[in-house]
Amino acid sequence: MQRKRTKVRASSPGVETVVVMRLYISGNAPNSMRAIANLEAICQEYLKDAYKLEVVDVFEQPARALADGILVTPSLAKMAPTPVASIVGNLSDRSSVLLALGIDGKDR
Amino acid sequence: MQAASPAFQDLLRRLLNAPLERQAIESGQVDAILDPATGASILLPAAQDAMRESQLHAHSLVKLSSDWQWEHDKDFRFTSCEGSRIVSSAFGDKTIVGKRLWDLPFDNMTEVDWQAHRSAVQHHAVYRNLELRSRDHAGAVCFFSLSGEPVFDKRGRFKGYRGTAREISNLTPAEGASQPSSGILLGALDALLAQICVLDSSGTVIYSNAAWRAFAATRGCPGIGLAEGASYLAVCDNAGADDCVNGSAMAAGIRQVIAGQRRLFRYEYGCNTPTGRCRFMLTARPFAGDGPASVVISHEEATMRERADQSLHIDDLVAKRVPIANRVLAAMPLEEYRCLSDGLEPVFLNFGDVLYEPGDPIRYVYFPGDSLVSLLTQVEERMTLEVGLIGSEGMVGISLALGVSSSPMRALVQGTGAAMRMEAGRFQLELKQSPSLQRELYRYSHLLMAQFTQTAACNRFHGVEARLARWLSMTRDRVSSDRFHLTHDFMADMLGVRRVGITNAATTLRERRLIEYNRGDITILDRKGLNAAACVCYRVVKNLFDGLRR
């Protein structure tokens, strides 16, 4: 999981407002479908257009998931802004997703 | 379940010891675990059950909505055809296995129609509702509707087609009857400027609009201006082919629309008219009306549009040169670049992405475009120091070009932007075959070594302020922009000094009106002044780079 926690302490990204995420799923398996729905709801509510989400199906791109250090699906990786973070599961626990994405629920 | 490798069993042990992952697995929120040795997904039992159920569900829906389900191999020969209604007709009979669709005795398709179909499937296009007619053993006419989609394996190689078929002999009139009345539609056609006519299923003109009738037949465009009652398809067939128009191609396309195999046929052709050479666009669409009307033909003059397209084409050619923003790639001869470009994949690098950790195997090499990558040496786990900076002038993963498959340093994305990447195995292969790539990369590794040695000396002998000015100038050269976003913490990591040292140096540079600095947003106000404030190392490295590039 080399990408999971980098030791660089930089706190602001090159592009400050856009949250870049990658969601790793397994085809149309139930938790994967739920994770997409949960994440889309969260993005709509808190991020509006200020996010980039790429969904990677590990059935189709297993090498890519391995290269990114992904070991279970569904997994969500936040690539930017730093610190990068990842979260495992169907993303139904909204507060832990917001925490991982660095969104303060009260702010927005 | 697939057999798990020892690496996988190891991973399971690790996951069960990690509290978050363990919790997710235990609460049933995980679908699959990836085998780190092979990348194969190992589905957990609950997900397996759910997916099997959903497959069965989809399969039963397909069975309900079609009479047969068939598969082709990659040579388009039927490998299976199953269905609930096996009748002794041309289709759905078990004897079709091993044959191609165009070998079967359908009588509504001409050789041109089959050519068009073959061309579509050779390009792996999806087709829907291809209507075919044949006679069953008792001599009665049957209609079939076929839909198919290409199938690819995991590596994206074409495996064949699969699809469904329905017998529609009894359905055709009922489907036609549900279409709206045509009276209003015909009236509206007269108001249009384009030349429009409506054909019946045999290709005879049954209606034409005012513009069509007014069009002088002397202008030499096949069929336009043809009176009602004449056969448009016959005129096209007889027109033959010359250098500007191919009548039989037009006829073939229109026949496909009549047969319901295409929803749209467009054909552009040239005409010599008294006012000069003109281009026309023929469009044929199925006619949504009752009665005999089958297809609407329209001709529009496309001369102006063609000119606009030509200028777009030139713009496009210009635009296509831009993506080769990386100078190593841009220095390659076009032929060799073309070979190389098959293995290149555009990626977007985000600030903070770690491309390599020290000692990790190199999976990809990167050719930055407008992105910027720092090479960091790590001491005692927590202290880092930047020893090299790579932008569009170079390549990340140079160790691989020198025959070493792991990176000695951490490669960290410092500037968000685009890059091209290539898989390590492919890169080694390309390097062996391309003398130009070898030359460029050996030259670049020499420059990088010079950069390393100069940085090592600089870090020992020069003050923080001069080093910060050098580093900002180097960053500026590589991102080609006077504005970028960097925090004090980040710069402290790069230069291997404490945060307070950066704050003092940045304040001095700001007081000298060389830079502006606000919450991590850096603007270079005086580029020459900043270069002068930088230590001599900046110019040494820059001169080397500039000199060798020529």
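1. An open sheet in chain B has three strands in the order 20-22-21, paired antiparallel (two strands pair if DSSP finds at least two bridges between them; strands are DSSP runs of E, at least two residues, and helices are runs of H or I, at least four residues, both numbered from the N terminus). The edge positions belong to strand 20 (483–485) and strand 21 (515–518) of chain B, each of which pairs on one side only. From one strand to the next, the twist averages 15° (axes are lines fitted to C-alpha atoms, and angles run from 0 to 180 degrees between N-to-C directions).

2. The model is predicted: local features require pLDDT of at least 70 and side-chain atom pairs count only at pLDDT 80 or more, whereas totals for chains, interfaces and linings use all residues. Residues are numbered from 1 along each chain as its sequence is written, chains are lettered from A and ligands numbered from 1 in the order in which they are written, and side-chain values use heavy atoms, with hydrogens and water left out.

3. Strands 20 and 22 of chain B pair in the antiparallel sense over three bridges. In strand 22, Thr523(B) is the bridge partner of Arg483(B).

4. Thr523(B) lies in strand 22 (residues 521–524) of chain B. Its relative accessible area is 18%, so Thr523(B) counts as buried (buried means under 20%, exposed over 50%, partly exposed in between, with a 1.4 Å probe and protein chains only). Apart from residues up to four places away in sequence, Thr523(B) touches Asp482(B), Arg483(B), Leu514(B), Ile515(B) and Glu516(B) (contact means heavy atoms within 4.5 Å).

5. Arg527(B) belongs to helix 19 (residues 527–533) of chain B and is partly exposed, at 41% relative accessible area. Neighbours within four places aside, Arg527(B) is in contact with Arg476(B) and Asp482(B). Between Arg527(B) and Ser473(B) the C-alpha to C-alpha distance is 7.7 Å, although they are 54 residues apart in sequence.

6. Val540(B), in helix 20 (residues 536–549) of chain B, is partly exposed because its relative accessibility is 32%. Together with Val536(B) and Leu544(B), Val540(B) forms a nonpolar surface patch with about 200 Å² of accessible area (Shrake-Rupley method, 1.4 Å probe; patch residues have over 30% relative accessible area and no salt bridge, and nonpolar side chains are joined within 5 Å; a salt bridge is a side-chain nitrogen of Lys or Arg within 4 Å of a carboxyl oxygen of Asp or Glu).

7. Chain B comprises 20 helices and 22 strands. Of its 550 residues, 45% count as buried.

How values were computed
Patches are made of residues with over 30% relative accessible area and no salt bridge: like charges are joined within 9 Å, nonpolar side chains (Val, Leu, Ile, Met, Phe, Trp, Tyr) within 5 Å.
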